[in-house]
Amino acid sequence: MNIPYAIGVDVGGTFTDCVLYNDQTADMRIKKVLSTPWDSSIGVFEGIDRLLGASNISMKQVSRVIHGTTLVANAVIERKGARVGMITTNGFANVLDMRREWRYDNYDFHIKFPEPIVPRYLRREVDERIGYDGTVLAPLNKQQVFDAVKELVDDERVESIAICFLHSYAYPEHERAAKKLIESEFPHLYVTTSSEIAPYIREYERFCTTVINAYTLPIIDRYLDKMKKGLAERGFGGELFLFLITSCSGGLVKPEVARALPVLLLESGPVAGARIASYIGKRRESRSVLSFDMGGTTAKGCVIKDNQAERALEFEVARIHRFKAGSGYPVTVPSIRLMEMGAGGGSIVKVDARGVLQVGPESAGAEPGPACYSLGGGEATVTDADLVLGYLNPDYFLGGQLQLDPKKAEKAVQEAVADPLNLPLEKAAYGIFETVNQNMSQAFRIHAAETGVDIRLFDVFGFGGAGPVHAWKVAADLYSSRVVVPFEAGIVSAMGLLVTPLSFEFARTKRMNLEELTSDRFREVYDPIVGERIKLLEAAGVMSEEIEVSKTLDMRYRGQGFNIEVKVPKDFDPQPQHLRELFEREYERLYTLTAKDIPIEVYNFKVLVSGPEFEVMLSKRTGVQPGDPVKGVREAYFGDEFGHLDCTVYDRYRFQPGSSIEGPSIIEEVTSTCVIPPHAKATVDEFYNVVISLR
Amino acid sequence: MTSDYDPITLGIAWDKLISIVDEAFSVLTHISFSTVLRETFDCSCTILDAKGRSLAEATNAVPSFLGTMKYTVQHFLAKFPPSELMPRDVITTTDPWMGTGHLYDINMAMPIFYKDDIVAYVGIIAHLSDMGGSRLGGSSRDIYEEGLRIPVCKLVDNGKVNELVMDFLRFNVRTPEHVIADINSEVATALYCERRLIETMEEFHIDDFSYLADTIIERSENIMRNAISKIPQGEYRFTNYVDGFDKPVKIACRMSVEEDRIDVDYSGTDPEVDRGINCPLNYTRAFTHLGVKSVTVPELPNNTGFVSPISVHAPEGSILNPQPPRATGSRARIGHHLPQFIWGALVDVLPEKVVAEHGMHNSVNLAGRHIDGTPFGILLMSEGGFGARPHDDGPHTTAAPTNLSPAPVEVVEGDTSLFIERKKLIPDSGGAGRFRGGCGQEIQIRNTTNDRLHCGLMVTRGTIPARGYQGGLSGSRREVLINGKPAHPFERYVLEPGDEITIRDAGGGGFGQPGKRTIVKLVEDVRNGFVSFRAAEETYGVRIDPDTWKTTRVE
């Protein structure tokens, strides 16, 4: 193969991260440029051009570009999507206005809710009705569909239509027929149906997901045209892939598919981070990993058990309060379960009414940023505390691109925390450090409580710019004994794009008693949905023998509200009694008890169809040089127990596999800083990860 | 760390206790069975100290249980003194007066032992899908008719389940599998709390919670006192009627704000009645506390300290402090109103903090048989419009003052095989105002099963609507129709196959004079169908041309 390069581009809120990787030599180059939110393709091409220019490589030598983007999320947050019309079942036009009818905060009666994406005057009801079991109770009135769409187009100038019928997950034919009609009569319109985008029970969540897709379709469509054109102009002859959040650990699709499913592009950056944590974890035989990705404005966590990232059927976008579940729009697509962990480096610290510390949720972001950035920010942030504690090097932040001012950090921490709590400066700073770490370990704990995992046995993977500073303490709070800090930890998420396989995930709600699920029934449900996804993968160039199919069933005791995911082993004979055993084993593992007398129900049939993982050679690292890694000594503060200690400061690029490091010490690299606490030992493994043993 | 917490450790330890009850709440809602627990979260988890004071209460617990566990545990300890308790004793009751006001809630508490001493208690409350008797509703004449009243007893005795209690339940409820499974889920949740509390003590190297408890409670109390002292001192009164069984019930609220404490006195309130709408004192306390907290320190976590500067008095024998054997099944229809009495009393002194009255929550208890043959018992919940705020409209169909989440249409239909013909907003139901009250909704349900459907109605705002504030108008009233005919708000009905029930939920009150509403907002409401052209003209004084959308002010 003469076209050895791959490019991963991850557009984030502040930075656009670009990674160039040579499949043959394992040479890897990285570039961080500022994002250009008004037109994110500008930042993308600036990053690509600078990366290629600096390496003297032409776009013709690039075989694939993998793109993750926050474009879709931003369109929702900033309410800059298309004008959408909604067609829905007669009697249910107000579902979006009524939400789930509860308040996400018990005591705040001045509470705000997100405005519906499609206002009521752009919704139309049509006659049709499906029962909960998928039977047709009233046929679809196609004339009404036509008239409604015509009116929405002529009078209201909508450019995208969302079709949302009750119980369509159980019988999608009405939505399909309506879509077919609209596509043939109004070929210029974009059309989304709820059964193709989120075929799950619960109307508000499904409709909300559908209108968000419809809202962002035209935007992603235009953006992809621009991307393709820009790449072609640069002589690119390879394949462009979009990174999707759906599938076990994030997956890729070609733009033609992404165009129809923009809702699957939400949150792609954080998911790519979890993806690389899982990839590295698998190779170094850490079976179970807590991915802990702490950046500038936020920290995200993910539980990866037996190399599988945990998954959720629902997440939220555009929350009004970042840490209040229920304050945003629900999106029900299967995806990695990402936890909003709390604060990032830019989170603002203050003393609350209780007289105790509160970190976030407000963030100083990149502008004005933490006080120590000297960009006009004066409020104390987590980064300021980390600098006061001696963990960060003011002259080597982002490799020296940004000079930090320790005096400004001290002043901010003094005023915001030390003075009001009457504490010495370093204690105040350490208090910030401890509080933010506790917040993050609690987020992991609440999650573990819901899902029944024993997180003490997990390795904590700390990455993102601030993750490696905090990871050891988060791990200690969780009684975990090992921390793994990957190489170039601040940009490693973008690497996640490079290792992701092509894949499709699909699920269908089909509720039945376990007894009814004979092996014939099982095949009847699965065969068509699996077959369709395999065809899509083959069309994308994946060889059929490389395709992996994995099936999971959502099951529960009849009467319960939450499902348990039961993985169907390969070559499994799907008899009800075998499925019962699988379910009971999983239930017992999660909740220690089973309920023998209660019948079991199958709820969702899910499948993941994926191609082979792309490989990135981890055992060869661009930028690593021979020589003495010791850069110097810096004093850092480790709380009451240890006080101020002299830490050896190391240059990460001079560590070879097998090196060992004693704590307390600090390891610096361009995109991050890793702290090794007193009494801990660390080694550098064959993949250049710094592995810290806490006990 | 036994005597001098630094503020950092205090914050971390405090937040950790809150985290534990939130974790436990999440465990309970994930493993429980009945719709009312898993979909609407009608439950709570509390950590109390060795003296029985509440230290942390689950953040998203239903407000009905705000602070009640403290009182329940006192009853438990009166019967089983701490000196006689053993590890893994789980004490329980469904008594409305000791617990949470009606016998469908099962209250439990378990002592937490550390090094042979009781260091804390965990309390778990959950609404069960059935408790026998005449089923949840408002028409019972006394408590005996309502169901099984479990006295204070040990459900689990030193780790061993008391099968006699379980058998009493199995023999007395209609859905024994779910009831027993939900009770087991509560016990599992208590055990979860036990493990996490012991881990926490080891982590902080403490042998008891006494210093932490004192500090949390003292600080919380000080914060509340400080917040109260900012309210202008004086005596504030609000008296009004709310819907009763056959006739409206008078509730008289007198609030005296004196220095840093608030005394709420309901003297003058109507006496208890011989139907199931009496509201026991614990429930009266919870909703009074909710009202006060919402205008003082809504953002801070709950514990005993926050409520200790607030006293609640309701005369014995009044509907807000009824005595056994009065029936209490629908105590919520009275108790839910109380925060609105607090706001009503304070509207002139705290106009920026209060909100107009709400269309409120509605429940219909439905029991029948799915067409697949399984019996079901669900609470069909729906919310009225939320009251308008000093600077904002009231959201449509949003729970208030309590907080519950009705199950989705698709879930209800699947669970029951009933047919919901429509669920939509009612135009002009939100009280007009400079800021409009939220709209109520209409739900129409047909019995498409092969069996009779038993409906227990629990309806408020059928007579007395949600008031607006400062010139804002009232919201619409709630109506329940059975086969098109108005139904009694608290009676039980049987729907034969093919029969229909229609619920028209009430709207929220408006805030400020309708004439002051901006034209832009009014036109938007009319375009969205929340306000009709006619109401725009007659109530808001703006004529809107339906073709051109041109507006003209009219007199």
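# Two chains, question by question

Visitor: What share of the 555 residues of chain B counts as buried?
Guide: This is a predicted model. A residue is buried when its relative accessible area is under 20%. Of the 555 residues in chain B, the share that passes this test is 67%.

Visitor: What radius of gyration does chain B have, and what would a compact globule have?
Guide: Start with the length, 555 residues.

Visitor: How far does the C-alpha trace of chain B span along its principal axes?
Guide: Chain B holds 14 helices and 22 strands. Along the principal axes, its C-alpha trace spans about 80 × 60 × 40 Å.

Visitor: Which percentage of contacts in chain B, between residues at least 6 apart in sequence, joins residues at least 24 apart?
Guide: Contact here means heavy atoms within 4.5 Å. Take the contacts in chain B between residues at least 6 apart in sequence. The part that joins residues at least 24 apart is 72%.

Visitor: Why is strand 15 of chain B largely enclosed?
Guide: Strand 15 of chain B covers residues 441-446. It is largely enclosed by the rest of the structure because, of its six residues, the number buried is five.

Visitor: Which strand pairs with strand 15 of chain B over six bridges?
Guide: Strand 15 of chain B is joined to strand 20 (residues 500-504) by five bridges, and these two run antiparallel. There, Arg446(B) has Glu500(B) as its bridge partner. Another pairing, also antiparallel, has six bridges. In that one, the partner is strand 14 (residues 419-425) of chain B.

Visitor: Which residue in strand 15 of chain B is the bridge partner of Arg422(B)?
Guide: Strand 14 of chain B, residues 419-425, pairs with strand 15. Look across from Arg422(B) into strand 15. The bridge partner is Gln444(B).

Visitor: Is Gly137(B) buried or exposed?
Guide: Gly137(B) sits in the loop between strand 5 (117-127) and helix 4 (143-146) of chain B. Leaving out residues up to four places away in sequence, it touches several others, including Gly276(B), Met458(B) and Arg492(B). Its relative accessibility is 1%, so Gly137(B) counts as buried.

Visitor: What distance separates the C-alpha atoms of Gly137(B) and His289(B)?
Guide: Along the chain, Gly137(B) and His289(B) are 152 residues apart. Between their C-alpha atoms, the separation is 25 Å.

Visitor: How many helices and strands does chain A have?
Guide: Turn now to chain A. Its 695 residues would give a compact globule a radius of gyration near 26 Å, and chain A agrees at 26 Å. Its C-alpha trace spans about 75 × 60 × 55 Å along the principal axes. The secondary structure comes to 17 helices and 35 strands.

Visitor: What percentage of the residues of chain A counts as buried?
Guide: Chain A has an accessible surface of about 24,900 Å², with 50% of it belonging to carbon and sulfur atoms. Of the 695 residues of chain A, the buried share is 63%.

Visitor: How many of the five residues of strand 9 of chain A are buried?
Guide: Ser160(A), Ala162(A) and Cys164(A) point one way from strand 9 of chain A, and they are buried. Ile161(A) and Ile163(A) point the other way, and they are buried too. Strand 9 is largely enclosed by the rest of the structure, because the count of buried residues is five of the five.

Visitor: Which residue in strand 10 of chain A is the bridge partner of Ile161(A)?
Guide: Strand 9 of chain A pairs in the parallel sense with strand 5 (residues 84-89) over five bridges. In that pairing, Val84(A) stands opposite Ser160(A). Four bridges join strand 9 to strand 10 (residues 190-193), again parallel. In strand 10, the bridge partner of Ile161(A) is Val191(A).

Visitor: Is Ser63(A) buried or exposed?
Guide: Ser63(A) belongs to strand 4 of chain A. Beyond its neighbours within four places in sequence, its contacts include Ile3(A), Tyr5(A) and Phe236(A). The relative accessibility of Ser63(A) is 15%, so it counts as buried.

Visitor: Is Asn56(A) buried or exposed?
Guide: Asn56(A) lies in the loop between helix 1 (40-55) and strand 4 (62-68) of chain A. The cut-off for exposed is over 50%. Asn56(A) has a relative accessible area of 71%, so it is exposed.

Key: Residues numbered from 1 in each chain as written. Chains lettered and ligands numbered in written order. Predicted model: local features only at pLDDT ≥ 70, side-chain atom pairs only at ≥ 80, totals over all residues. Heavy atoms only, no water. Buried < 20%, exposed > 50% of the residue type's maximum accessible area, 1.4 Å probe, protein only. Pairing = 2+ DSSP bridges. Rg over C-alpha atoms; globule rule 2.2 N^0.38 Å. Areas by Shrake-Rupley, 256 points an atom, 1.4 Å probe, with all protein chains shown as cover.
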